[in-house]
Amino acid sequence: MSGHGFHVHGPHDHELEHAAHGNDDFASRIAVMTAIMATVGALFGYEGGATQNDAAMFKNESAIKKTEASNQWNFYQSKSNKQNLAELAMVLPGADAEKYRGEVSRYKSEKEEIKKKAEALEEDSKEWEHRSEAALHQHHRWAQAMTAVQIAISLAAITLLTKKKWLQYVSYGVAGVGAILAGLAWLHI
């Protein structure tokens with residue numbers, strides 16, 4: 001317990017502190033490697049969070065573009081309805097057919113522009129969706145890398161408690177797997 005609050009330490013924390021003040025070379029190496037792995041794990045965690053945020057932002061942008069495209073398609077449908085009414089009015093007895101023929105022509109022209117805009121927005125939405133999926137995949141790689149490093153840190157703590165040299169190498173191997181996964185995340189694989 002300290003003057004600023006209550007602190008809980010696990011057995012490996014006590015061993016790390018003890019190793020730092022002693023001359024136990026094995027424990028000192030494990031302590032240094034644990035600190036390095038914790039730092040690397042924190043970096044992996046940061047990258048994982050950043051890519052998760054990117055994925056969410058890209059997904060949001062995709063949804064916005066989909067909504068804009070939907071609005072354009074609704075506008076297109078409205079113009080189609082007006083065109084249909086103008087076509088119907090052309091054949092009504094006593095109606096000014098030329099006036100309605102001009103409106104039909106105008107609506108057809110306006111619909112083409114609206115259609116192009118709606119299709120472009122749909123393509124934008126698909127691109128943002130693709131970017132979101134890529135960022136989410138990258139996030140999963142960072143999360144896997146961080147998990148491997150956390151497991152390696154846990155194994156290092158067990159190594160420190162049991163003094164098993166072979167467990168030290170297993171810990172380093174798992175940390176190596178974490179580094180490989182981080183490399184895959186970095187390369188977007």
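Helices H2 and H3 pass each other in a left-handed crossing. A crossing counts as left-handed when the near helix is turned anticlockwise from the far one by less than a right angle, and as right-handed when the turn is clockwise. By class, the contact of H2 with H3 holds 33 nonpolar, 15 polar and 22 charged residues. Here Ala, Val, Leu, Ile, Met, Phe, Trp, Tyr, Cys and Pro count as nonpolar, Asp, Glu, Lys and Arg as charged, and the others, Gly among them, as polar. The axes of H2 and H3 lie 5 Å apart, at an angle of about 165°. Axes are lines fitted to C-alpha atoms, for helices over the stretch in contact, and angles run from 0 to 180 degrees between N-to-C directions. H2 and H3 are therefore roughly antiparallel to each other. That term applies over 145 degrees; angles under 35 degrees are roughly parallel, 65 to 115 roughly perpendicular, and the rest oblique.

The model is predicted: local features need pLDDT of at least 70, side-chain atom pairs count only at pLDDT 80 or more, and totals for chains, interfaces and linings use all residues. Residues are numbered from 1 along each chain as its sequence is written, and side-chain values use heavy atoms, with hydrogens and water left out.

The protein chain contains four helices and zero strands. From the N terminus on, its elements run α-α-α-α. Helices (H or I, at least four residues) and strands (E, at least two) are DSSP runs, numbered from the N terminus. Of the 189 residues in the chain, 28% count as buried. Buried means under 20% relative accessible area, exposed over 50%, and partly exposed in between (1.4 Å probe, protein chains only). The chain exposes about 12100 Å², of which carbon and sulfur atoms supply 60%. These areas come from the Shrake-Rupley method with a 1.4 Å probe; for residues, only the protein chains shown count as cover. Among contacts with a separation of 6 or more, 80% join residues 24 or more positions apart. A contact means heavy atoms within 4.5 Å.

Leaving aside residues up to four places away in sequence, Thr34 touches Ile153 and Ala156. Glu61 is also found in H2. Glu61 is partly exposed, at a relative accessible area of 24%. Glu61 and Glu129 are 68 residues apart in sequence, yet their C-alpha atoms are 8.2 Å apart in space.

H3 (residues 97–162) also meets H4 (residues 165–186): their axes come within 8 Å and cross at roughly 170°. H3 and H4 are therefore roughly antiparallel to each other. The crossing of H3 past H4 is left-handed. Residues of this contact divide into 18 nonpolar, seven polar and one charged.

Backbone phi angles single out two further positions. Most residues other than glycine have a negative phi. Lys163 is not a glycine, but has a positive phi of about 60°. Lys163 lies in the loop between H3 and H4. With a relative accessible area of 41%, Lys163 is partly exposed. His188, likewise not a glycine, has a positive phi of about 60°. His188 lies in the segment after H4. At a relative accessible area of 55%, His188 is exposed.
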